[in-house]
Amino acid sequence: MKTVRIIALRKDRKRLLEHLQDNGLIQIRSDVETRQGFGRVDMSSQLHVFERNVALTEQALKILDEESPEKSGLLSSFKGRRKIDPDDLGEIAAKSQQVIADCNRLVELDKKCTDNAAELIRIRTQLSQLEAWEKLDIPLNTTSTKSTSVFVGTLPSPYTEKELNEAIAAENPKLEFAAELIHSEPTQSCIVLFSPASQKTMSEDALRALGFARPMGATSKVPKVKSEKLREKREKLLESTEKAREEIASFADRREAIKETQDYFRIRADKYEVINRLDHSRHVFIIEGYVPEEDCEKLEELCRHAAPCTVEFGEAGDDAPVKLKNNKFAEPAQGILTMYSAPGKTDIDPTPLLAFFFYFFFGMMFSDAGYGLLMVIATGLMIKLFKPDKKMRNNLKLFQYCGISTTLWGLVFGSIFGDAPAALYNFFTDSKITMAQLLPWPTLDPQKDALLVMVLSIAFGLIHILVGMGCKFYACLKQKDYAGAFFDTGLWMLLLVGIAVLAAGMFFNPVLMTVGAVIAIACAVGLVLTQGRAKKGIIGKAIGGLASLYDITSYISDLLSYTRLLALGLTTGVMAQVFNMLATMMGRSVAGFIALVIIFIIGHLINIGLNALGSYVHTMRLQYVEMFSKFYEGGGKEFEPFSLNGNYIKIQEDN
Amino acid sequence: MNGMFFALLGAALATVLAGIGSAKGVGGAAQASMGVLSEDSSKFGKMLVLTLLPGTQGLYGFIVGFLILVSCGVLGGSAPTLAQGLAFAVASLAIGLGGLFSGIAQGKAAVSGIALSAKNDKDFSKAMVSVTLVEIYALLSFIVSLLAVIQIPNLNI
């Protein structure tokens, strides 16, 4: 990575920046202080407009999706962004005002629908309140005529007409009245009471004693007329909502245009955001950035071609971003690495090692030739058919390589859809053949030779850990930290090798045992002598050295962790075997054949889903916890070039 | 009397106890992940991974159970002696109990992992790795049960 400084005239700013964005070679720095005599240009108002447009189109797409969901298959998430020509961008820009108008219309229509929905709820409440008063033929808010006072309202308990009259009479025997029951339900009764105007207070008192209340929201309309009106209004609202929805749906064919316009504004916002960060004087402006070493010449050429300017390169400091560059074999694993963390300033790029062990361990855990082939074919087809974006393509490639490894391990373990060949052969011929007899090459059955496979797993683990420590050793040498390299890392590596030789000797040859023991003890002594070197005083050094030997426990637990290679490999095989057994259980009849096919397909799909996930997660864990903890610091930042960066369209291949 | 009863008891213990652990773990994690999905359904893939992590214990238990069935005369092999049957029952306790408790513990870790990666997508891999740390104990139990179950038919007891 190099730093670059480009100085050019202000009048060329647009042209130069557009060229830089088109080519995506440079990452603009944001951490540069403003120089004396220079200032920043405030572009936030333009930026604000673009960002608002992006938000508007996002909202419009969401509305559109609710009304007429995009037809998308299960696999469409693999699909790459649409590739367009740089010249098309101008066309999109020309049409953008129309698209923004469409989006505004969509938002407006959506608001109408929401308002209508709220109004409908209000109407529904009103209608339900009026329901009880349907039979009343005077307005709800009637209180008096010339000679009578009228009380319309509710009592909080159920009455019949007779009970009502009796109850009121009982309250005040002197009261002259005519009461009418409009509606009665368990919780309330709707009544009307007429009495002479002169007895208004008396009847009020009597009614109050019974718990009388006038209805809420009483109007001057007769209830029946009022509810009729409300129903009409409801019809109208529903109709208008329906219309609005139809209109929203009619915009479905504008979806692509909206997406493109959104990306267009996103790209412009990116550019203005960059301008905000540049130093300007009256006539010139300065771009400070990072550029990968291999792109320096290309960038210089590009700038000279675009506008008169000076381009200076310099050495990048420790906080420069990193751009990973790997060959075809290792590149798919970059995603796994960056998911953990991009390499820090002292790190070597471990992607090739990571890639190898990732494929290797994944294959050992998933270990089935049938599943592996399926993976290879499926990922290959997806890459061919969907032309996915770089990142997705790398992920698919990762699984393709894992699939190859899975196939190879499946052949070693003698597993092709579990024991499907043998199970089917036995099913049709009633024989009792095993996979080991069927396959012409010697196989290693993790069910029968579990112990051997476990030892193998731990041995692979030891290699994995040693490779990790080797990276640490190399990194220390590169930084000229010789004590760190030889004492902290080298001795431990030798110690582990010694113990491994010792263990091997126990099985094969007593001489090896002695050799191993000597190496291990010598290294242990070395560790005791060197590990306390940072401490003060002889006693401190001795205690520090002895305490460091305690680290052996962490190495042992790391190694045991690799038994998961056996466990997961076995899980895949046994599950597959169980499904094969279930599939062939029904006997050789028509129903039996149908059951065979169905159970076989569904069972193996379940097995693939469960165990591919398990293998992926556990392989990742072995890399992150067991290997990376030995040497990898991480904490770097990824190189993010200033480029035409859209969500739906791509103008050039991403790097 | 042969050891069939105890062998089957062992198969049942291994499958059921480890299954309970996984069911509790996955159940809790699924509840938490559905809470996250109600806010942002695009996280389904990541949530699914974290939810399924405590599910392996049940599989391990099932495998031990299956291997017992295969070697004790139900799905092949020959009927075990009484001592062998008892040995099957005891061997299955390792993954049974180990799976039960590690499944529950891993479920709790998965719930926290879901909360973490709901907050920040970038922390997903850290959450995932932390949750798998619990798994090693289920694995060790499984290996013990497995090695024992494979060897028991060959033991002359």
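Domain bounds here come from an automatic or database domain assignment. For chain A, that assignment gives domain 1 (138–221) and domain 2 (331–440 + 450–631). Select both domains: their centres, taken over C-alpha atoms, are separated by 86 Å.

This is a predicted model, in which local features need pLDDT of at least 70 and side-chain atom pairs count only at pLDDT 80 or more, while totals for chains, interfaces and linings use all residues. Residues are numbered from 1 along each chain as its sequence is written, and chains are lettered from A and ligands numbered from 1 in the order in which they are written.

**Colour by confidence**

Colour the model by pLDDT, the predictor's confidence in each residue, from 0 to 100. Chain A averages 86, and 98% of its residues score at least 70. Chain B has a mean of 89, with 100% of its residues at 70 or more. For the complex, the predictor gives an ipTM of 0.77 and a pTM of 0.80. Among the elements of chain A, the lowest mean pLDDT, 77, belongs to strand 4 (residues 82–83), and the highest, 94, to helix 10 (residues 351–366). Helices (H or I, at least four residues) and strands (E, at least two) are DSSP runs, numbered from the N terminus.

**Select chain B**

Chain B has six helices and zero strands. Its C-alpha trace spans about 60 × 20 × 20 Å along the principal axes. Of the 157 residues in chain B, 55% are buried. A residue is buried if 20 or more other C-beta atoms lie within 10 Å of its own, exposed if 12 or fewer, and partly exposed in between, with C-beta atoms placed from the backbone.

Next, select helix 4 of chain B (residues 82–119). The expected span of a helix is 1.5 Å times one less than its number of residues. The 38 residues of helix 4 of chain B should therefore span 56 Å, and the end C-alpha atoms are 55 Å apart, which agrees. Where is the kink in this helix centred? A kink of about 30° is centred on Leu93(B); the bend at a residue is the angle between axes fitted to the seven residues ending there and the seven starting there.

**Where the chains meet**

Two residues are in contact if their C-beta atoms, placed from the backbone, lie within 7 Å. The contact between the chains takes 21 residues from chain A and 20 residues from chain B. On the chain A side, helix 21 (590–631) gives the most, with seven residues.

Select Arg10(A), in the loop between strand 1 (2–9) and helix 1 (13–23). Arg10(A) is partly exposed, with 14 other C-beta atoms within 10 Å. The C-alpha atoms of Arg10(A) and His280(A) are 7.8 Å apart, although 270 residues separate them along the chain.

Most residues other than glycine have a negative phi. Ser367(A) lies in the loop between helix 10 and helix 11 (369–386). Is Ser367(A) buried or exposed? Ser367(A) counts as buried because 31 C-beta neighbours lie inside 10 Å.

Finish at Lys387(A), where phi is also positive, near 45°. Lys387(A) is in the loop between helix 11 and helix 12 (390–413). With 15 other C-beta atoms within 10 Å, Lys387(A) is partly exposed.
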